[in-house]
Amino acid sequence: MASFIKELKRKKVLFLMLLPAFIYILIFAYIPMAGSILAFKDFRYNLGIFKSPWVWFKNFRFFFISGDALHVTMNTFMYNLVFIVVNNFLEITFAIILSEITGRYFKKITQSTMFLPYFISWVIAGVIVYNFFNYEFGAFNGIMKSLGLPPVDVYNNANWWRVLLVFFSAWKNVGYGTIIYLSAVMGIDHEMFNAAEIDGANLYQRIRHIILPSLVPTMVLLFLLAVSNIFRGDFGLFYQLVGTNPLVYDATDIIDTYVFRSLMTSSDIGMAAAAGFYQSVMCFVTIIIVNRIVKKIQPDYALF
Amino acid sequence: MRINRLKFRADIISFNIIGYILLILFSIVCILPFWMIIVGAFTSDQYITAHGYPLWPVEFSTSSFEYILNDASAILRSYGVTIFVTVVGTFFGVLINAMAAYVLQRKDFKYRNFFSFYFFFTTLFSGGLVPWYILCAKYLNFKDNIHALILPGLVSVWNMLIIKGYLGSIPDAVTESAYIDGAGDFRIFLQIILPLSKPVIATISLFTALNYWNDWYNSMLFIQNEKLFMLQFYLYKLIGSAQGLKIAADKAGIVVENPPIQSTKMAMTIIVIGPIIFLYPFVQKYFVKGITIGAVKG
Amino acid sequence: MKKNLKLISLILLIVFVLSTVLAGCGKDSPTTSQTSSPVKVTPSETVEEPDEIDISEHRDLIMLFVGDKVADQDMVYEEINKLAKEDLNCTVTVKNLSWADYQQQYPLVLASGEQLDLVYAAEWLGYFEQARKGAFHEITMDDIQKYMPITYEEQDVVSFEQAKVDGKFYMIPNYQFEYNVYRLVGVRMDLAKKYGINEVKTIEDLEKYCEVIAQNEKQMFAIAHEGSGGNDNFALFFRQPNNLHMVGGGSTVFAVKYENGEFDYDNLYNVYTMPEYAEYAKMMRRWAEKGFWSKNAASGQGKINDSFVAGKSAVDVWHVGGVAQDIENAAFNHPDWEFDIIDLTPESFKTVNKFTNNGVAVSINTVDFGRSLMLLEKFKNDQRYFDLTCVGIEGKHWEDAGPNKFRPGPDADKYPIYGTSMWGWMSEKFRRVSETEPPKMRELINSWIPDVVYPITDNFIFDDEPVKSEAAAVANVISTYSTIFDLGMVEDVDGALAEMQDKMLKAGFDKVEAEFRRQYEDFINANR
């Protein structure tokens, strides 16, 4: 404690600069965190969070007794993992292309268009996708028919969804992520490029030996941040695009949609909190392990 | 030397060809749905219900825009609220995040690890919606208050860590030499670090602004007074009413007349995106390659 | 790392203590003073002054509505407040929950502890669950007698009985006779004539009709189910032909049968194990294969009836009021089309909706319980209030077209008729119907009235508290599979049915069933 006060005195300004964020997080994140105990309570409206009776792990049972828990947890994890890999790969590719390509206006225009999907809510996206892929009148089957191919029942086919979900996740998020990598490319010390040029390195060599290595810290950071949410699914993506189609639940059910369906009729506050708590714990354990591994390999890249 | 130059050209040309193809492909994928939205907005509702959204304009109609702009003053006011919230929120949000990020990456700051964890931990665990809502609604006076729209998105740990990651690439020597010159911590941050981190500050400003612009949830939770509605909330009300009425009609048999919704959704999407789409080209000018750290040092 | 964890746990501990203290402070605020237990609310205050109700203190009440604010809502409630200020020395502020997220927000607002007086409540919104968990103020017959004398005189006690949770009730149900659980069809008769079909009277007729449409009208669906259409199939093609009545509320699987003019309360069926259900599921499969509706009906984004109105489907399956409205709308745009409303199962018993389908409760966080009920009494039984809230301002939103009739006014679209949560105080007494309503609808309803039955099981609500984990898990299985069967999505119906049984057992259906049957038997024995 004494050393803390000493540090506080020595680095007064730094502490002051940290203070707004510190207080904000205390109020908006840590105080409500006490409400996590809802997961262990039988919430009663007239008693409030703290006085409602404890039921301990009873709220968690609904999720586990049906035997689907493992399956939807794995789905959530696998989809997110694929999203992380595919999206980051595309983001890095596009960031490098955008930084090295010639044609100023072309760059500007494509960069702006890549951002468009970010503004389209999943609900609207769902409408468009249905319009495109529905069996009878969709544009997709229209094209198939005009090519003389048999129509495809995309909506009832789990394999199609495995691909489409990855595709649409990239569609919506890659424009956003590209910018982070682009700003990282911009941050590379220019002297290194000059040096490379003098050494006679070609463009591909420059990308391999200068740009990619300088992107590693950003990659690791984004990877760690994504991993810390790996058990939380993008509800809108899954719910609005796939809809409530039981035939493909095996392939498309994630924790968030599963819980939504289970609690739709009862809207039990304690059980909803329990599901959220389960996701938090899973994420926590995962990130602790992953962060430790990263720390072993390269301490500077670890989150904490 | 000559051979060398030719070699350069070959790789640049091949890179450009691949790059153009990939970018054009991806841009088409991004533009196509947007194109359908625009066409849909200008198509009559009857046509859409009967035949789906067209790929090419048929039965041109502006009735959806007329329907929305029926109450043009509300939309205009909502633009005002949204712009105000976005500007104020982005300014303070980025400032607070950047300051914290700077402190967290200072290697001589003894407790940086602890504080990093303090912030990061909240992305893993949260109290959930109910406790947060009770806190905001009951104790922090969020009801019908403009700060209900600004505060919830102000500090983002994710953004903070991105900035921190970027600042980590600036050599410590920059800070140290400034120290020797007698500059204080805040001045170093403001006059040396911030200018050096323009690309990431621009990026995070953009993200924060987009988040504010896209926010409808806080309007829904806390705002009853339509003078304080954010733009996106109008869109969500429109979409939600179709879905909600469907459920209500199903469960309670409540029959409510509803407005032309199909094309209106699309028209509203266009109105909501509005000017924010021009923010990006504006931010782009800060993505200048070759910020030369050495130059600052010397 | 360890150090970090220690520090974080220290912070958590401090926060926990802090917020407990905060919560403690909150308890002293006036809004929660009377909330310690909803069970013990006694009419002690009423005993002291039986005659005069003290309304000398002005109150601003807050009323919670489900659904977005309509354009002229503020204007209408300004008028209401003028009246209420004079009559009851109170005003009311409406708080709207957006349709965009009401399912999540409704419990959230109830849980927040902020002031809330009148609350739109309904079985489909989870009234029983919320009442059981202490969200609402108990209402007794004495309260009604004291604060709502006309309601006390006029409203059938049956309606309050239906609202009972463990012997007490917490809402004033609406008092109208709705035939919304009963499904029938609206049919495009011009198309029938085109293909030489003279009449559609039975389900078999309908199948033939749909077949013709599916084969000949390539741009149409016979029945345009989208998203949620499955429920309608279940009701019209399974429940009604088999004379079954669902029991217990929520996503129940149990039903009783109506035979020889009475309900057989002794036999409780699990509908999913009945051979009739398998037959029904196979019939739906056959219909799906014939292309009566889209292969992707379950994923559809549109609304069931929109397609019918737009002429994209030939059959509209809904309740009588809904079908009538769809026909009205379709005929408005296409006067050359011909329609008929057809009751395909005329032999099936007719019942009215449970009154708890819509109602008004008083929140536990009310500032004035008595005044809330008095205002509700005005909404229900003072025609000025009723007309204002239901159809809007006369001459602006509607015009008088004779007793219990209206004609849309110039600004009708700014205050849609019956477009807000005033459903909670609907009553047969003042309800106005549209002048242009299809006559067939009244005809049908009038023919049903003499034979309407009131199953006592409508008063039985299953309390799933002892088995709530299992109930939630089972609900998930049911919602998954029922859609599959209702929309004929799998080829091997028997196999899928067996799979469903298996999954339900795994989810703990045995326990749910045992508990359900126990509660049901207790109820039947007590109410026979």
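How many Å separate the centres of domain 1 of chain C and domain 2 of chain C, taken over C-alpha atoms? The separation is 33 Å.

This is a predicted model, in which local features need pLDDT of at least 70, side-chain atom pairs count only at pLDDT 80 or more, and totals for chains, interfaces and linings use all residues. Residues are numbered from 1 along each chain as its sequence is written, while chains are lettered from A and ligands numbered from 1 in the order in which they are written.

**View 1. The two domains of chain C.** Domain 1 of chain C covers 30-178 + 356-391, and domain 2 covers 180-349 + 440-528. These bounds come from an automatic or database domain assignment. Domain 1 of chain C brings 9 residues to the contact, and domain 2 of chain C brings 7. Two residues are in contact if their C-beta atoms, placed from the backbone, lie within 7 Å.

**View 2. The side of domain 1 of chain C that touches domain 2 of chain C.** At least two residues each come from α5 (127-132), α8 (157-162) and β4 (164-165) of chain C. α8(C) gives the most, with 3 residues. Helices (H or I, at least four residues) and strands (E, at least two) are DSSP runs, numbered from the N terminus. By class, this side has 3 nonpolar, 1 polar and 5 charged residues. Ala, Val, Leu, Ile, Met, Phe, Trp, Tyr, Cys and Pro count as nonpolar, Asp, Glu, Lys and Arg as charged, and the others, Gly among them, as polar.

**View 3. An open sheet in chain C.** Its 3 strands run in the order β9-β10-β11 (chain C), with antiparallel pairing. Strands pair if DSSP finds at least two bridges between them. β9 (244-246) and β11 (262-270) of chain C are at the edges with a single partner strand each, so one side of each has no neighbour in the sheet. From one strand to the next, the twist averages 35 degrees. β9(C) pairs with β10 (residues 254-259) of chain C over 3 bridges. L244(C) stands opposite K257(C) in β10(C).

**View 4. Where chain A touches chain C.** Chain A gives 44 residues to the contact and chain C gives 49. On the chain A side, elements giving two or more residues include α2 (12-33), α7 (122-133) and α15 (269-297) of chain A. That side has 23 nonpolar, 14 polar and 7 charged residues.

**View 5. Chain B.** Chain B has 16 helices and 0 strands. Of its 298 residues, 49% are buried (20 or more other C-beta atoms within 10 Å of a residue's own, with C-beta atoms placed from the backbone).

Notes. Axes are lines fitted to C-alpha atoms, for helices over the stretch in contact, and angles run from 0 to 180 degrees between N-to-C directions. A residue is buried if 20 or more other C-beta atoms lie within 10 Å of its own, exposed if 12 or fewer, and partly exposed in between; C-beta atoms are placed from the backbone.
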